[in-house]
Structures are given as structure tokens and as C-alpha cells.
Amino acid sequence: MTLAPEKRTSPSAQPLPLPSGKAPGKARVGAYPWVMAGALGISVCGAALSLNGVLRGWAWYLPVLTTVFVVCLTMAALRAVRAQPLLVTAGGFASLIAILTLTFFRGTGIAGIIPSGDTMKDLGRFIRRASETVLAESAPVAPNAGIVMVTCAVLGLTVILIDALALPLGMPATTGLGLFAILIVPAMVKPQSVGVWGFSAAVAGYLLILACSQWFAPDAHTPADTARNPGQLKRAALTGSVALVATLIIPMAIPGFDRGTFPQGSRVNPWGTSTGLNPMITLGNSLRTPAGTGRITYATNAVTPLYLRSVTVDNFDGDSWGPDDRDASRQPVAGQIETGYEILADEQLTQVTAVDTGAFTSPYLPVPYAPESIRGLDGRWSWDPATLSIKGVDTNSRSQEYTVVSSVPRLTASLLDRSSAAVRGISEDFTRVPGNVPDIVRTTADSVTGSGGSAYAKAMAIQRYLRSADFTYSLQSPVQGGYDGNGLSVLADFLAQKSGYCIHYASAMAVMARLEGIPSRIAVGYAPGRLTGATVTVAGQGVFSEYEVDARDAHAWPELYFQGLGWVPFEPTPSRGVVPEYATESSTFGAPGTLDNNDDLIPGTDPSATPLPSATPLPLPGGGPGSDAGSQMLPWLLGLAGAAGLLLLVSSPRLVRIGVRAGRLRITDPPSPAAVHMAWSELRDLGTDYGLPPGPSETPRTYSARLRGSRLLGEPGGMDDAAHQAVISLTADFERHTYGPPAGESPGRQKPAAARIAALQAALRANVTRGRRLRADWLPPSVLALWGRILTAPFRFIGRQVRRTVQAAARSWSRARDGLRRPSEG
Amino acid sequence: MDSHRRTAVNEIETASRNFAGIAEPVTQLNGHKVQAMDAAAFHSASQRILKEINTVIDGKSEAAKLALTVLLAQGHLLLEDVPGVGKTLLAKTLARTIDCTVSRIQFTPDLLPSDVTGVSIYNQSSRLFEFRPGAVFANIVIGDEINRASAKTQSALLECMEEHQVTVDGHSYKLDEPFMVVATQNPIEMEGTYPLPEAQRDRFMARIFMGYPDKASEIEMLETHQATSPLSKVSAVVTAADVAAMIAAVQQVYVSQAVKEYTVSVGRATRDSPLLRLGASPRSMLQLLRAGKATAALDGRDFVLPDDVVNVAESVLAHRIILDRKAASAGETPHSVIRGILNRLPVSQDLAGAPARTAAKPDARTAPGSGFRRNH
């Protein structure tokens, strides 16, 4: 993957008649613009690969490819005919407009490619569509025409920008900025960031641009003979690929680099995670964030725990469920908000809630159900008569402070049980059973609810089933393909695995209710939060306690419709939220169904009675606060092990060096050639460690002369005379054994090699600075270089193979070309 | 005259020889078998020669040592420099330190090949053609200003250099051993001269640039050489037989596989260099290695080091290679190119090369032995 583009272009680039002068654009244009355009196109298209996941599927990629390559080729053609640089850029713009018109506005454009007045109108529509997509949907968004058009336009502009940077401005290194701009979108939007392929392709394309610009326009100050030799290409390709592979491997090798606390740092996302996207999908991500973001505070006079609802999901068809989309029927938030159905309950509870959204950003407004009026909003807002979701027309929920008056009927189990009248006056959207419901959902629903009973009994049966001990709450499963699926197939997985989180519980209950004939929808918003301890004075209403919720409280729950009572929320998710009084089991009937982290929700209870596990707001399975006895020691043990590992890691070069030296000097028999070689290697490594590495073209004699002449070994005859003698005799021994006659006599009795090496080492240590000594002890360059050689050996091997293949391909290509040319000439 | 015929005969004879035209090894001197000199005697003899030369030529010990190296390696020496730096003096001194026959040819444009090789003259009294040996019949032949002679005469000498024999009228006459030609060439005065073409220069083992002496040497020269000719004081310190024995000793110097590989890689590097139009020939590789052996012997070793090859590489190779036009205009010289190649060429000496060496040892023991022991 990495080398593929290199491989593709270099053989084609070599046999071309290359301009050798310093100004290739002036003297002869040659293949330069075309090759460069190819490099630009490959890099931009490669970087655009990473947008898969921001846009769903691959259908958008073909228009992108077309746009990028049309722009590239137009500019290359203009450059090939030696047009002025400004003209080339202008041509790039013109071709971008033409290809966009041809692709997206063929009907309205003049001759298909020239935009007309109608095209402009369409363009406005497309851009509105795209901005709605960006605001309202979550990655991966459906590739509608608007967002694809904007993507193509932006990528086309990027090509023009990169081209301008690389060619007329002559700063090819800065083209990385353009590619970075493309990559930053998936880096922030996609849960799994850019992805390996997009990143590799972008980096390879970037290297390709650099290679092409270096190849065709070498620096003026490189000597004529050294520029553009094949070794340079090989080295460059090798260095680039090693760097790329290392970049890809390091995050894998270092645990926790891309999860845990790192993602917030590594995935540049300063806007928090709940920024105006499909709540169905960001919900999972919100729950998984280690720190709560998007804090919302509210103060209410409600006596029951308050769920803040921002959006509903009622269409259960398709792969990915999205929020309701009834923009046509929305009405402006001005006066009274009507539920649109009659409430026959005896008592209506009216609640006043003051909400401060803070940094929470979404097109939908979190409000308690069912809102009657909202005051204090900035901007224009609209409400959906069917679901009462509040959506910004030209604004969003960031930094809004508003007061909501909401009312709910006081519901009891007996009231619900009596509500057996046929459902009337409800949109068909809420009763339609989705197509292709998996069998497991249908059979589970039937077996759980049994044959008869009221709608309430059936709903309670489903909730009981989902809250049973069989199901476990888990944020990890069933996560599909990097983002949380929420379609019917995921629902089937959930019922099979019996493990999931609120989205799965809520949608399971909603779908099963529909199967049983109860109108249902899923509400998405926030579970009741925590008391902050502060109080808020709401004008004309009194002093209320303040609560806070953040991303970790994001929640989804089913709402079922009961004739005469309206939409009634249920809580099938275990360990989350609060089970309403009417929905608790008859055995605990009347008892407040509060759960672990919501004890303080009922005003009046002492928050200190049950300490809030605020550090672990999500009671994840296995991570309960009860298992702290054994885990007290665990951090210590882990820390100890980590310290030991760190110590080992730090000292490993030293240990390796000591091991190598001991191994070399163990052979004490002087005449053995192996011993002499070992001693010589040790001498070379000692020199390397103390800052005098032998050059590859140095003979043993010149190296030993350089060593003795350097200040590492004082004056001969002085204190270090022993070291001098040692070097001389070691060199002589090595020369005799390496170059001498095989049966050469050994020259006199010598001290053992170990003693001579020790003398040399002592002299070296005495003559170098403390820093050098420390480096030689702890980070010996000889060991580091050895490791470097070992690590790069596979790359060098691959490089050799690639070069061989390229050469063979070039040879066979030239043979084939000759073979073709000869008959055509003859 | 009859040079054409002679050439034809020579070709037939050389067909059976070594392609590189290397002289026959010294196995006999005037009918006696030559014993290789032992190390101590070799050392003292070489020191005596060098000392004697250095008394005459001040501050040129390197050139003197290189001249002796070429003599012991059975090569020929080309001295090239401006006039008056002692080219001829060096040649003469070297000749005089050895008790052997010396002849000097002053090359002029009208010199004929027969003046060099000799000629058959009709003897009236015996009514036979008698061969009168030319100037080349000597142990050391000094060819002064060889570029002044015509190409025909030059090539007559060059053929003698290669064959170590003269063929006139179908008769081959062996030249004495040791045989060495020391030619001088003047690169300044080029008008009306025939400078040696590259192919001819290849026959000389080494070329020495004398160079100017340093200040102290020059002052000392003025002091000592004021009245008398320095050559008059020179006396022979070794005999021709000694030199033959020394040559035999040089031939016994051991060359390891690693050094052979290094030598070959030097040659290949010159052929691959983009700076050179013509790299070093295989003959030059042989001569490089022989010069390396002589250097090793003069250094008192019985085996060749890569350093020996490096030391003589510039002198041996520089006059054989031809620079690329672009490199020449960029200011490169043959010497700088060779220095650059030697600076880049890796010398295998690390442990990575050691296993390969031990594996290659069996054939290193047999292969060079067979090519080597043949010599004595």
C-alpha cells in the first residue's frame, strides 16, 4: 500500500526525457505537470478515503474521484502548454465549477456545464441541505446530494490549493496542510478517528508529491552528479515507508495510546462529543466518555425525577434510525404548545423547569415532557405537533437559558390498567410495524407477553423481561463497525446476547410494543441527574433545587401511548434512570423505584445518606465499588511492575552491552581467529561508544591510528601507554588473522584480549567527559546502532526486493517496447 | 623498417601468455636459480637503497619509496612533472644504488626504433648479420622525455617493457632481469611532442608527480649540491642479484581473499563512477595488487593489508583513468576522484564479514596458493 504509488510512478518517470535544467517549466515541460497532477490526485483521493465513515458507504466516492481528477488534469494540461501560473489556477477553478455543474446541476446548467440562475437556486438548496445534514445528523451521514456536492467542492478547492502550494509557490512540503485539512474532518467526527487506510494513503500521497517535486526540480545547490541517482529514490522511499509504518505500529505497540484518556487528546475535538448530531448514535459515545461533557443544569419544582427529552425516534425502518423529520408540519414556538390528544386523567401535574444548556450544542432543545410553553429562548424555534420535540430553525441549543412549563397526568398502575380503549387520533407513524422484523424479536415479544391481557399488562411484561437478571448493562456490545448500530439487526443481536445499553433496551421495548399493537416511540435525552446543592430562584415561581446532567447521563427510553393518558414513558434499562411509580412491579407497588445513583433526586432526602459514587457514575459490570479490598493493592503492584519494567527498559542497552562484551571476551584462546575477531569488534564498539565510530571505508590500521591520534587516548608513552600498546597489538592481531597467511605464526606471547580491552576501556573512560561516560554506560551507541540495523533489516530487504522488481519491470517494459517498435518500423 | 614483422612475431608468441602481458616471474638470473631473500635481509637492503637515494634527493622520500616499490613489483615507472624537479636525478640515483647495467635514452623526434631495440648489421668479415643490442638491453633503462619521440619509437620501447624481450629479424633476445624502465615526461612543453596516449600509459605501473621540495629541503639542496654533482657520491649498495632475490621475496607475500575482493571492488568502483569516462583495467588491478605486495614487503610484512592497496592506489590508477568531461569542468582531477572512491568504499572488517571469511577460508588457502606457488 505504502510503496504502491512509488512503484507505479517511478519506472514511468525514469525513461522520460527529463528536463535537467533548474527551471523545468521554462525550458521543457515534459512529463512534469502530468506526473505531478497524478501525485496530487492520488494524495487527495487517498486522503478522501478516510471520509468513509463520515459519509456512509462508498457511493459518494465516484463523484469525488471525478472532480479531483478533472481539476488535476485540467491544470496539468494548462501547464503542459505553458500557461501563466495564474491562468492555471483560474482554469482549475473553472474546471471545478464545470464538473460540479455537470455532476449535480445537469438539468439547470447551460450546456450542462455552465451554471445558470437556476443553478444558483439549486446550489442554495444543496448548501442548506448540507448544513442541515451537518447539524442534525451523525456520522456516518447518508450521502445525500447536498453533502456530496459540498464534499466534492471542498476537495476540488483543496486540489487547487495544494497545486498552488506545490508548483507556482514551490513549497511542496506545505501541501501537507491541505491534506491535513481533509484528514481533520474524520479525525474529529468519526469515533475511530481517521483510520489506517485513509492515513496511509494520505501520507503516501504526500510523500509522492514530495518525491515528484524533488525528482523533477532538484535543488539548485545540489551538485550536478549527485542529484537524482537511483539510490536517492530508494533511500527516500525507504525512509518514508519506515516512518509511515512506524507511525502505524507505535499506537498499536503502546497500550492505551488510542483509548482510555488519550482519545480526547489525540482526537482533536474541542467541542465535546454531543455536538448537534444524531442523538441515537452519539448517545453511545457520550456514555463512553470518561469525563462528563456538555453539562446542563436545571432547576425544577417537579416532585418526581425529571427526564429531559430532546428528540424522539419513531420510524423503525431502515438500517439506521434517525430523529423525527417532519419539518413541514413544524410550528413556531410562540405561544402554547399543544399535545394534540385528550388527557382524561383526574389530575394534571404542572411543573416549572429552568434549564441552562451551557455548552451543550444540538439543534434540539432538552425539555421535560410535555412542554406547554417555553420562555426565554434566543432565536427561532419550532415544535413538532406529533412528538413535541423542539428544534431550532436557525439556531441551536448552545448557551440557552429558558423556563419550561410542562404538564403530565398523575399516572397510576390502576389508571393505566383501565385504559383499554382503542387507540385513536395517533399518527400512523407510531403504530406501523416495521418491515423485516427479525424472527427473534417477534417470537420473544409473543412469548414474553403471553396471549392476553391489557396493553399495560403487556408493556409491564416486556419491561419485566428486559429488566430481568438475564440482561446485563454494557456499553461495549453490541457495537458494530466502530459506530453503534441501532437498526433492527442490531436489535436481534441484542436480544441474542442479552447485553447492551439504553438504546437497545428502549428500542427493544418500543418495537416489541408495536408488535403487540401498542403505539410506541423512543425518546432520547437525559436521565435524571444529580443535585448540585445550589438553588435557583425562578422569577415568580420560587426557589428550586438545581440539578445537573452531562454526557454520561445521556439516555433513551420508550414511550408507549395509552388512549386517554397520552404518551407514557417506561424504563426498561436496568441500573439506569428511575422506574416510574406506575411502572414498578406490583410486589413493590408504591415503593419509590429509585436506583443506585438517583437517591438524591427526590428533594428532601439527605444526599449524604447514600454517598454518590460520583467518580464512577456508570455502574459497569464488574466495576462495582464493592471490590475495593483486593484492588487496593493492585495499583501498587501494577506500579511496582511498571517501575521494574521501566527500569529494565532503561537499563536494557547497558545490559545488552555488558552481555555482548562478556560473550566476546569469553574466548580466551588467543590464536583462535574467532577470539581475535571478537576482540577487534569489541575495540570498534568501544570506540563507537566513546564517540569515535569507525567509518565503513576505514581500514583497521587507519582506524586504530585515528583512535590513537584522538584525544580519547592521551599521548603515547604517557599514562595511557598501556592502552596504546593494547590498540597496536589488537590491530596487529586482527590484521594478521584477517589478511595474513592462514597458517601464520602467532606473534609472541600477548596479554589476553580481555586485559588489553580493559586497559583500553580504562583509558577511554579517563579521557572523556562525564556525559560521554554516562552515554557509553547507559545508551551505548554501538548497541543502539545494532538495534537500528536489526529493526530496519526487513525494510532494507523489502527495499532491495522492490528495487529488483522495479528494475525487472523496467527491463521487460523496454524489451516489450522495442519488440513492438521494431515490427511497426520494419 | 622491420617493425611490422617484429610485431607479427610477437603476437604469435604472446598468444600463449598471460593476457595482461605481465613479465615472466623472476625465476632465474643469468642461469642461476633465485632464492627469495629473508625478511631481515630484505629490510636492510631496502633501507640501504632508500637511504642512499635520500642523500641525493632531499625531501622526496615518498617518491623514492614508490620508485623502489615499482622496481620490486617488476613494474615500470613514469615520472611526470615540470622540468627541474629532479625526475632524471631520481631515475639515475635509483639506477646507481644498484650494481647493475644502466642505459639512458634521450628521446628526440628523430630517434628510431632500432636505436632502442638494436639492429642487425652485416659483418663484412664473417659475412653474417650480427645483432647489435640497443639501449634497452640493460637492467634499468632511463627514457628521458619519452614524449619527444615519435609514436613508432615509443611503441618499440613499450613492447620491450611488456615482453621483457626484443625480437629482431625473427630472433628473440631476452632482456636482463631485473628489468625496469623509468620514463620521464614533461607535461608543460607540449609543442612538437607526442604525449603518451592513455593506452600506452597503462603499461606503466605507477606515475609519480615529483612536486616541488619544501623550503627546508630546498635550502639544504642549495647548501649541499653547490659544487659537486650529488650523483658522484652515490655508490651501489645492492647487487642485481640482491634485487632479484628481493623481487622473489615480494612475490611470496601472501594476499588474502579479503584484500583481493577489496582490490577488485576498487576497480569496479572506478568503472561505475559517474565521474569517469574510463575506469581501471583488469591489468591495472593486477599491477595494483603487485604494487601492494611490494609495499607490504617494504613495510616488513609477509601479507598485504587493504592499507597497502590504498597507499599505492592513487599512483597506480590515476594515470589510467579518464575523467568525464563534466567532472573535469567541475574541477575534479583523477587523484581527487580516486581519493573519493577510496573514502567511500567500505572495507569489510566487521564481524558480519567474519563468518563469510571463515567459510571462504578453504579456497582462500588453495586458490591463491596454486596461483602463487607457481612463482618459485
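Okay, let's start with the open sheet of 4 strands in chain A, which goes β3-β8-β9-β5 with antiparallel pairing. Two strands pair here if DSSP finds at least two bridges between them, and strands (E, at least two residues) and helices (H or I, at least four) are DSSP runs, numbered from the N terminus. At the edges of the sheet stand β3 (331–332) and β5 (364–365) of chain A, each with a single partner strand, so one side of each has no neighbour in the sheet. Further in, β8 (residues 381–383) and β9 (residues 390–392) of chain A run antiparallel, joined by 3 bridges. One to click on: A:Ser382 has A:Lys391 in β9(A) as its bridge partner.

Before I go on, this is a predicted model, where local features need pLDDT of at least 70 and side-chain atom pairs count only at pLDDT 80 or more, while totals for chains, interfaces and linings use all residues. Residues are numbered from 1 along each chain as its sequence is written, and chains are lettered from A and ligands numbered from 1 in the order in which they are written.

Staying in chain A, there's another open sheet, with 6 strands in the order β7-β10-β4-β1-β15-β14, again paired antiparallel. Which strands stand at the edges? Those are β7 (371–375) and β14 (530–538) of chain A, each with a single partner strand, so one side of each is left without a neighbour in the sheet. Inside this order, β1 (residues 296–300) and β15 (residues 542–549) of chain A pair antiparallel over 5 bridges. There, A:Tyr298 has A:Tyr547 of β15(A) as its bridge partner.

As a whole, chain A has 25 helices and 17 strands. Of its 826 residues, 39% count as buried, meaning 20 or more other C-beta atoms lie within 10 Å of a residue's own, with C-beta atoms placed from the backbone.

Now chain B: 15 helices and 15 strands, with 43% of its 376 residues buried.

Let's look at a helix pair there. Helix α10 (residues 257–272) and helix α11 (residues 282–298) of chain B pack at about 135°, with axes 10 Å apart; axes are lines fitted to C-alpha atoms over the stretch in contact, and angles run from 0 to 180 degrees between N-to-C directions. Who makes the contact? From α10(B) it's B:Thr263, B:Val264 and B:Gly267, and from α11(B) it's B:Met285, B:Leu288 and B:Leu289, where contact means C-beta atoms, placed from the backbone, within 7 Å.

Notes:
Buried ≥ 20, exposed ≤ 12 C-beta atoms within 10 Å, placed from the backbone. Contact = placed C-beta atoms within 7 Å.
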